[in-house]
Amino acid sequence: MSGPKGGYYKAELGEPHKFDPTFRGPVHNRGCTDVLCCVIFVIVILGYIVLGTVAWMHGDPRKVVYPTDSYGQFCGQQGTPNANKAILFYFNILQCANPTVLINLQCPTTQLCVSKCPDRFATYIDMQYNYRRNKSYWDYYKQFCKPGFNNPDKPVSQVLRDEDCPSMIVPSRPFLQRCFPDFITRNGTLTVANKTNFKDGHGKVRSVVDLRDAANGITSLLDAKEVGVKIFEDYASSWFWILIGLVISMLVSLIFILLLRFTAGVLFWMVIFGVIVAVGYGIWHCYWEYSTLKGKPDSDITISDIGFQTDFRVYLQLSQTWLIFMISLAVIEAIIIIVLIFLRSRVRIAIALLKEGSKAIGCIMSTLFYPIITFLLLALCIAYWAVTAVFLASSGEAVYKVMSTLPDCKYTNLTCDPETFSQSNVTKLCPGSQCTFAFYGGESLYHRYIFVLQLCNLLVFLWLVNFTIALGQCTLAGAFASYYWALRKPEDIPPCPLASSFGRALRYHTGSLAFGALILSIVQFIRIILEYLDHKLKGAHNAFTRFLLCCLKCCFWCLEHFIKFMNRNAYIMISIYGKNFCASARDAFFLLMRNVMRVAVLDKVTDFLLFLGKLLISGSVGVLAFFFFTRQIPVIQEEVPSLNYYWVPLLTVIFGSYMIAHGFFNVYAMCVDTLFLCFLLDLEKNDGSATRPYYMASSLRAILNKKNKRPEEKKKRRKKKEQPNKRH
């Protein structure tokens, strides 16, 4: 078996593990592990940088940010004829189905860049009629026509056929850099420029409701924009107090963790006792209801006699219902009591480890702030992935496709050339069809594999994210293992344990961490693909396919959580012994399986206490923030800023407090898991003698009735053994 020199185990191939008396904590004399995976990981990172560079050379994020007209030109792009035309205008918005169609530029009508949106109702017919008396009508209307068109005398039918000008314009305002009708509700009636009807340019009078149906949801989006402005104002006036609330939650989280050494047992047993009392009261209440209904007529009817009822209050009138409730609660109460009786020693060990974890963090306070490093690294990964994805998505030249309002047009979604489209047969076979810009693409090798490159971008992103998390877990595990394997705490704890552990993880175990992260990333990648397929097959009627997909999603969800659990414990073993990933994962797995009941109890007790802590911290800070922002604290009532919505800073404080507590408690959970594995190894490999002392805390030794023998006691025993030999 491979392993570093000076490790806890010394064994040759085929031999059982043997105790190494020189072991005094995490191994420092290490060798690099999983070198091949490390080399592959470095090559992939270099390739990822090359991918980002190539995407940056070919891509143009303006294609995503700026709206594009029917000719593939950006609205508002400097150095082009559209430099002063930053808004997209739709010739006939009635042909657009909904806002998502508009935003994605898939509306089957001509789209032009304009400098401003129309501010009045007008039709081309009315303009042509009024133009003979006043030239200004044409001067205003032509800014919404195709560039270069300046023939107001052209017959209306030809103008509409060639899409030279829109048949009508309606009062609009820009939203998302696009002209949308200016809807206003007056006394419950939807209007545009105080009108409820308008001419559509084809001789028909239409209702404003038709505009609303064509741009379905725009009104709510505009309202959301106004709400967004108010929310921004609330943040601007209350950011200082939000920051104070988050600082308070950070201090409370820190104090809570440090006090767990005194309160862990009290909190746990108080809640357990409360649950037992509550269930006991439920049993008594069910018995009281049962005995009350027992003598009443019609209460002895069984549930099967009345069948299913939508009004569940009917079942509460039956004595059988309360009898079922009483029996169920009695079974639950019995299970809780039996579990506590038989697992009380394991619960005591779990609580003792929680207390020891609090002491460990108190000795290595710097570990509480390591999540900041993880957060910064994750932010860098996310930013690089997002920028690369945008540049890849915006690579290529403009691609045009046929858009038709006719449902049976066979040319719909086929590529076309806007310069020759008007002379093609498509306009004859599909009247009203348009050659509209669709997306950016190309026919080169690079453009043909953009989708594959996006998948590679996603996979490498998942790998980097999981590696960053693995690096944090291994670093924290190494620091806390240094605490556990110090015989005299805190005197024997090595200096700068967190920095030393971080250096060891990067220098020796980058390959092992990358190996574990890659396995998890592949499973997550498959899950994302399954979710995508499930989204695409939602309208499918093949029940077997949907069932198979559901089973695969469930299996890979379970597999992902199992791998996360195993990786976490493998990283702990790596931080202690410096073995490769597979050997560490195997050792961790068999160690946990030999102590499966202790693992289950510790896991549930830890999860319960940490969840309770998150609720207490976010809830208490949230209550304090509620009283403050609603001006119910007289002492500082004058300091409260004027707000549009008091729930904006309140929810921010609550969510931020929960996330801060989550970050602190993640460190604490890693500490407890590390101490637990060290504790199990300590039990298996040590016997309390002078050469093999227990490293666990005295509280844990007391629970297990274990003692470390002093050297003086050992000498006395040797003398007693030697005295009979001298007599003989």
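These legends accompany several close-up views of a predicted model.

**Figure 1. The whole chain, as a starting point for the close-ups.** Welcome to the overview: the predicted protein has 22 helices and 12 strands. Of its 728 residues, 42% count as buried. The accessible surface comes to about 39,300 Å², and carbon and sulfur atoms account for 64% of that area. Contacts can also be sorted by how far apart the partners lie in sequence. Among contacts between residues at least 6 apart in sequence, 70% join residues at least 24 apart.

**Figure 2. The largest pocket, with a volume of about 1,800 Å³.** The lining of this pocket is made up of 50 residues, and Gln473, Arg568, His662, Asn666 and Val667 are the closest to its centre. The elements that contribute two or more residues are helix 12 (370-393), helix 15 (450-484), helix 16 (497-536), helix 17 (543-577), helix 19 (596-629) and helix 20 (647-685). Helix 20 gives the most, with 13 residues. If you like to think in residue classes, the lining of the largest pocket divides into 31 nonpolar, 12 polar and 7 charged residues.

**Figure 3. The largest cavity, with a volume of about 100 Å³.** The protein has 3 cavities of 30 Å³ or more, and this view takes you into the largest. Its lining consists of 13 residues, with Phe89, Tyr90, Ile93, Val170 and Ser172 nearest the centre. Two or more lining residues come from each of strand 1 (87-90), strand 4 (168-169) and strand 6 (178-181). Strand 6 gives the most to this lining, with 3 residues. By class, the lining of the largest cavity holds 11 nonpolar and 2 polar residues, and no charged ones.

**Figure 4. Strand 1 and strand 2, an antiparallel pair.** Here 4 bridges join the two strands. To find your way along the pairing, look for Leu88, whose bridge partner in strand 2 is Cys113. Strand 2 (residues 111-114) is covered on both faces. Gln111 and Cys113 are buried on one side of strand 2, while Leu112 and Val114 are buried on the other.

**Figure 5. The hairpin of strand 5 and strand 6.** Strand 5 (residues 172-175) pairs with strand 6 in the antiparallel sense, over 4 bridges. A handy landmark is Ser172, which has Pro181 as its bridge partner in strand 6.

**Figure 6. Asp34 and Cys496, each with a positive phi.** Asp34 is a residue other than glycine with a positive phi near 50°. You will find Asp34 in the segment before helix 1 (35-58). Cys496 is not a glycine either, and has a positive phi of about 50°. This cysteine, Cys496, sits in the loop between helix 15 and helix 16. Is Cys496 buried or exposed? Cys496 counts as exposed because its relative accessibility is 55%, and the cut-off for exposed is over 50%.

Terms used: Residues are numbered from 1 along each chain as its sequence is written. This is a predicted model: local features need pLDDT of at least 70, side-chain atom pairs count only at pLDDT 80 or more; totals for chains, interfaces and linings use all residues. Side-chain values use heavy atoms; hydrogens and water are left out. On a 1 Å grid over the protein atoms alone, a cavity is a set of points where a 1.4 Å probe fits but cannot get out, and a pocket is an open set with protein on both sides within 12 Å along at least five of seven lines; lining residues have an atom within 4 Å of a point. Grid points are joined across faces, edges and corners, and a volume is the space filled by probe spheres set on the points. Ala, Val, Leu, Ile, Met, Phe, Trp, Tyr, Cys and Pro count as nonpolar, Asp, Glu, Lys and Arg as charged, and the others, Gly among them, as polar. Buried means under 20% relative accessible area, exposed over 50%, partly exposed in between (1.4 Å probe, protein chains only). Two strands pair if DSSP finds at least two bridges between them. Contact means heavy atoms within 4.5 Å. Accessible areas come from the Shrake-Rupley method with a 1.4 Å probe; for residues, only the protein chains shown count as cover.
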